[in-house]
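Here's a quick briefing to read alongside the coordinates. Have the viewer open and follow along by residue number.

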Amino acid sequence: MSATPTTGSQTIGPYWHLLEEPEWADLTRFGATGELITLTGTIRDGDGALVTDACVEIWQASPPASDVFQGWGRARTDTDGRFSFRTLKPGPVPGRGNALQAPHIAITILARGILIAIHTRAYFAGEKQNELDPLLTMIEEPARRSTLIAEPTTPGVWNLDIRLQGEGETVFLDI
Amino acid sequence: MSDNPNDPVPFRPYVPDTQPLNDTPSYGSTHKRHPTQKLIRLPHTITETTGPRFSADKYGAIMDLSTAVGGQAIGERIIVHGTITDEDGRPVPHTMVEIWQANATGRYNHPGDTHDAPLDPHFFGKGRVYTDENGYYKFITIKPGAYPWGNHYNAWRPNHIHYSYFGPGFASRLITQMYFPGDPLLELDPIYQCIPDLAARERLVSKFDISITEPNWALGYRFDVVLRGRGATPMETN
Ligand SMILES: [Fe+3]
């Protein structure tokens, strides 16, 4: 069977909002029950300027996707460069081998000036499994590791600020 | 890390030069938006190999972009169709395809678009279709116009339609743009040119298709798309 490589990626551009359905930022909208959380944060560029036109998508393998919880959502960054999702707090999920991964949410960042999707993850501060997580333990510098860890702000609200480039650059993943 | 027979089969790495680099100096908006630290290579877990499932009951289909608010959009009506397969040629069935584009004058129905070209009250420029069991999709729209942008002096985007695909897992997500054959702007467009491999680049250009063209009604174009395949080829799994 002859193999054809994956079609080339192109930027989502500045006008992707034509697709936007604001309610998709609420992953619990079909009636999911569990530990409700808000995952929020800002995105900044290499100058520290807020990125106000990004498309942020999240996916979580836990709790398992179902009719009432699809595990996926999409949100814009607003005029303050902030995204915000309503979802369920994930639990640990299997890793490769016999490893267990700490609770996490996968994040895709798409925007004007981004030609191929940028990937990262949000973990949760204070989770015991963070110390054994295969990805987190791969990152030696504590300051770098902390770019993947959302911090609680008010009850039920977790914040993860993302820096695309420069000082405090977020750890991004080659998947 | 020891292997486990229950480990998910990873998606295959991208073929070199078939994907753009986020650090592409000719495209100005990339300058401050590309990561400079080395990406961490993450062996795929179920977080990367599984992904969302969409269906028309929750995410309704919009198959005809060429009419809105009870009227016909202005412009050249076209039918776009094709198949979505993985790298081994296997169809990607029942996957959601999102579509967005400028109108025939090159203007988006978007508050951020300040191009001095008319909006069309009968064109929104948003579509959503699903592949069938054979990975086949089809929709109706009007041919989008070219539009100016601020990247460099006298910069114009070639006629293009934007697409979003999901495929079977988080790591198969793809955002791309479809172009039209014979467009002289392609050669000058840093976004199209960002894909190093010529053959990969040219696969972003749709083909005129007389077989789907409908007499006295609409021209047809074909755009086939390939999403990532799994790491193990069928040969290796035997
Ligand atoms: Fe565009």
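What follows covers confidence, the interface, and then a few features inside each chain.

This is a predicted model, in which local features need pLDDT of at least 70, side-chain atom pairs count only at pLDDT 80 or more, and totals for chains, interfaces and linings use all residues. Residues are numbered from 1 along each chain as its sequence is written, chains are lettered from A and ligands numbered from 1 in the order in which they are written, and side-chain values use heavy atoms, with hydrogens and water left out.

**Confidence**

- The predictor gives the complex an ipTM of 0.96 and a pTM of 0.96.
- Chain B has a mean pLDDT of 95, with 96% of its residues at 70 or more; pLDDT is the predictor's confidence in each residue, from 0 to 100.
- One stretch to treat separately is residues 233-238 of chain B, where the pLDDT is below 50 and the model shows five contacts beyond near neighbours in sequence.

**The A/B interface**

- On the chain A side, 69 residues are in contact with 83 residues of chain B (contact means heavy atoms within 4.5 Å).
- Together the two chains bury about 6800 Å², 57% of it on carbon and sulfur atoms; buried area is the accessible area (1.4 Å probe) that two parts lose on being put together, summed over both.
- In chain A, the residues losing the most area to chain B are Gln10(A), Tyr15(A) and Arg96(A), together 13% of what that side buries.
- There are 49 residue pairs in polar contact across the interface, both residues at pLDDT 80 or more. A polar contact is a pair of N or O atoms within 3.5 Å; within protein, one must be able to donate a hydrogen and the other to accept it, and residues adjacent in sequence count only if both atoms are side-chain atoms.
- Strand 7 (104-110) is among the chain A elements giving two or more residues to this side, and strand 7 of chain A supplies the largest share, five residues. Strands here are DSSP runs (E, at least two residues), numbered from the N terminus.
- By class, the chain A side has 33 nonpolar, 21 polar and 15 charged residues. Ala, Val, Leu, Ile, Met, Phe, Trp, Tyr, Cys and Pro count as nonpolar, Asp, Glu, Lys and Arg as charged, and the others, Gly among them, as polar.
- Strand 12 of chain A and strand 1 (residues 40-41) of chain B run parallel, joined by two bridges, with Asp174(A) opposite Arg41(B). Strands pair if DSSP finds at least two bridges between them.

**Salt bridges**

- Over all chains the structure holds 18 salt bridges, and nine are counted between chain A and chain B; the rule is a side-chain nitrogen of Lys or Arg within 4 Å of a carboxyl oxygen of Asp or Glu.
- Within chain A, Glu20(A) and Arg76(A) form a salt bridge at 2.7 Å, N to O. Glu20(A) lies in the segment before strand 1 (36-44) and Arg76(A) in strand 3 of chain A, so the pair ties together parts that are 56 residues apart in sequence.

**Strand pairing in chain B**

- Strand 13 (residues 219-222) of chain B pairs in the parallel sense with strand 4 (residues 77-86) over four bridges, and Ile79(B) stands opposite Gly220(B).
- Strand 13 of chain B also pairs in the antiparallel sense with strand 12 (residues 207-208) of chain B over two bridges, where Phe208(B) has Tyr221(B) as its bridge partner.

**Backbone details**

- Ser62(A) and Pro63(A) are joined by a cis peptide bond, omega about -10 degrees, and Pro63(A) sits in the loop between strand 2 and strand 3 of chain A.
- His94(B) has phi near 50 degrees, a positive value in a residue other than glycine; His94(B) is in the loop between strand 4 and strand 5 (96-100) of chain B.
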